[in-house]
Amino acid sequence: MKQTKIARIDKPISARQIIKDLLVFAINIAVIIGVYVGGIYLNSLGSSDVGFGEYFAGNFSNFLHLILSLILFATILVICLYYDDKNFFREEKNIEMVFLIIEINLIVCYLVGRYVNIYLRPMALASLLSVQFFGKRFAVYLNLMSTLLIFLMDAFTNSGIIGADLYSSLFIGYSTGILSIYFIGGVSERFTAIWRGALLALPNLLCFTFLHNFDILSDIQGLVCTLIAGELAVVAYLSLLPIFESIFKKLTGYKLAELNLHSSPLIKKMIEEAPGTFNHSIVVANLAESCATAIGEDALLARTCAYYHDIGKLRTPEFFKENQDEHNAHDELMPELSASIIKSHAKDGYELLMRRRYPKEIANVCLEHHGTMPMLYFYAKAKKLTDGEVKIEQYCYPGPKPQTKISAILMIADSSEAAIRSLETRTREKVFHAVDKIISDRRNLGQFDECPITMHDLHVIRHVIVNSLTGIYHQRIEYPKVDITGIAGYMTETEIEKTEEDDEKGE
Ligand SMILES: [Fe+2]
Ligand SMILES: [Fe+2]
């Protein structure tokens, strides 16, 4: 599963935001120093050689080295993150999360190494958490940072870890972190994550074998810890994930997979109360997923947004064409009122999802998927009914325009599905012209001005949608009428009746 990083246009960071970020940075550096001091204190409790005060008196330069290295590594990490994605620092929760992940990893590894076994340390925990929330590239930076911080703790405190053990923990931390990023980071099922966690034992076992001169059975407890350390990291990661999701309101692949289930509460409600909207959403979801894959966006996020994009229609499902039979509720309404009911579904969807604490990324798509497009049908109807001037603004969605590539995909996929469904003949040429018009109309009306979608992306999206919709709504072959009375001798009366029924149903 791809990480849920969302493409937006870079905006400058305000001075206020920079000050907030610097403050969060300083507080977290102080917290990590506190963890180191706490570690030195706990180490001194178990040692008769070096007491807590004595350590600082005799090793102050060591401690200073530790602090300066910590500040240097943390600053390099922040600079890397800044040049990788400037938007990252627009939300201080991101920088809080990065440091919290590093701190938890440091504390858990210290406690397990100190009180259980050094080979059991779940060194991949930071990489696993960061790959879910920030993606693979960020996770590689964070893996390096967290490995170095554990190395600092081992090397520059009174941990008692020396020589080959010290350097092998550096190797284990870095290699299990990288393995976890690429083999577990993309997994959306918990069970798969757990069995792939077994892979993390490989670098541990390699180090353990060399450290024990190939006599691995000489330390059975160490061997068992070596083999299960990776699994411990995966279990700790899966346990912490929901806590991070709820504290920081962050999306993960696991959360998206849950929201995609037809048994999730709002989807279930849509199936029961607005089946037409549900079927429309399924087709839009398939289109959005293919488009997102084709332009390198998060396919699972696009699919989930598509499932929920029209959830606001649950308030008045009967006013939307896909849920109507012969009766059209708008026939009895003034066009102004009809337009206000239709356009409110975008805001209603946003409010419903926010009220139920759904991820904001999905709620935003509800609000943005029609942008500020006009509802030409009701506008034309109003113009017909009145001699006076009709203001087009009254017949436009309030916006905002799509802010992300995923919102733009949803806008195009949504309109394309509805337009193609209403075509009488759906040849490839007609589908192409309809989709092309949808994209160019929206481009001419400036609907893509606030998101980073490119002309190339739009070209790819058009190609994907035309291909998919031609496939979905292909022309059916008209079967020739054959008089079956001549072959009646080969069929029983019931079989003939059934064949006629099937023909009527078009099966
Ligand atoms: Fe909609
Ligand atoms: Fe829709």
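pLDDT is the predictor's confidence in each residue, on a scale from 0 to 100. This structure is a predicted model, in which local features need pLDDT of at least 70 and side-chain atom pairs count only at pLDDT 80 or more, while totals for chains, interfaces and linings use all residues. Residues are numbered from 1 along each chain as its sequence is written, and chains are lettered from A and ligands numbered from 1 in the order in which they are written.

The average pLDDT of the chain is 85, and 89% of the residues score at least 70. Over residues 503–507 the pLDDT stays under 50, and the model has 1 contact for them beyond four places in sequence. Two residues are in contact if their C-beta atoms, placed from the backbone, lie within 7 Å. Where pLDDT is low, the predicted coordinates should not be read in detail.

Next comes the chain as a whole. It has 21 helices and 0 strands; both are DSSP runs numbered from the N terminus, helices being H or I with at least four residues and strands E with at least two. Of the contacts between residues at least 6 apart in sequence, 75% join residues at least 24 apart. Buried residues make up 38% of the 507 residues. A residue is buried if 20 or more other C-beta atoms lie within 10 Å of its own, exposed if 12 or fewer, and partly exposed in between, with C-beta atoms placed from the backbone.

Helix α6 (residues 136–156) packs against helix α5 (residues 125–134) at an angle of about 155°, with the axes 8 Å apart. Axes are lines fitted to C-alpha atoms, for helices over the stretch in contact, and angles run from 0 to 180 degrees between N-to-C directions. The two helices α5 and α6 are therefore roughly antiparallel; angles over 145 degrees count as such, those under 35 as roughly parallel, 65 to 115 as roughly perpendicular and the rest as oblique. On the α5 side the contact includes Ser130, Val131 and Phe134, and on the α6 side it includes Phe138, Ala139 and Leu142. The residues of this contact between α5 and α6 divide into 6 nonpolar, 4 polar and 1 charged. Here Ala, Val, Leu, Ile, Met, Phe, Trp, Tyr, Cys and Pro count as nonpolar, Asp, Glu, Lys and Arg as charged, and the others, Gly among them, as polar.

Helix α6 also meets helix α3 (residues 60–84): their axes come within 10 Å and cross at roughly 180°. So α3 and α6 are roughly antiparallel too. Among the residues that meet are Leu66, Leu70 and Phe73 in α3 and Met145, Leu149 and Leu152 in α6. The contact of α3 with α6 divides into 13 nonpolar, 3 polar and 2 charged residues.

Further along is helix α16 (residues 360–368). Because 8 of its 9 residues are buried, α16 is largely enclosed by the rest of the structure. The cover over its buried residues includes α14 (299–308), α15 (335–355) and α18 (405–421). Leu300 is found in α14 and is buried, with 21 other C-beta atoms within 10 Å.

Two loops hold backbone details. Arg357, in the loop between α15 and α16, has a positive phi near 60°. Arg357 is exposed, with 10 other C-beta atoms within 10 Å. Pro400 lies in the loop between α17 (376–385) and α18, and the peptide bond from Gly399 to Pro400 is cis, with omega near 5°. Most residues other than glycine have a negative phi, and most peptide bonds are trans.
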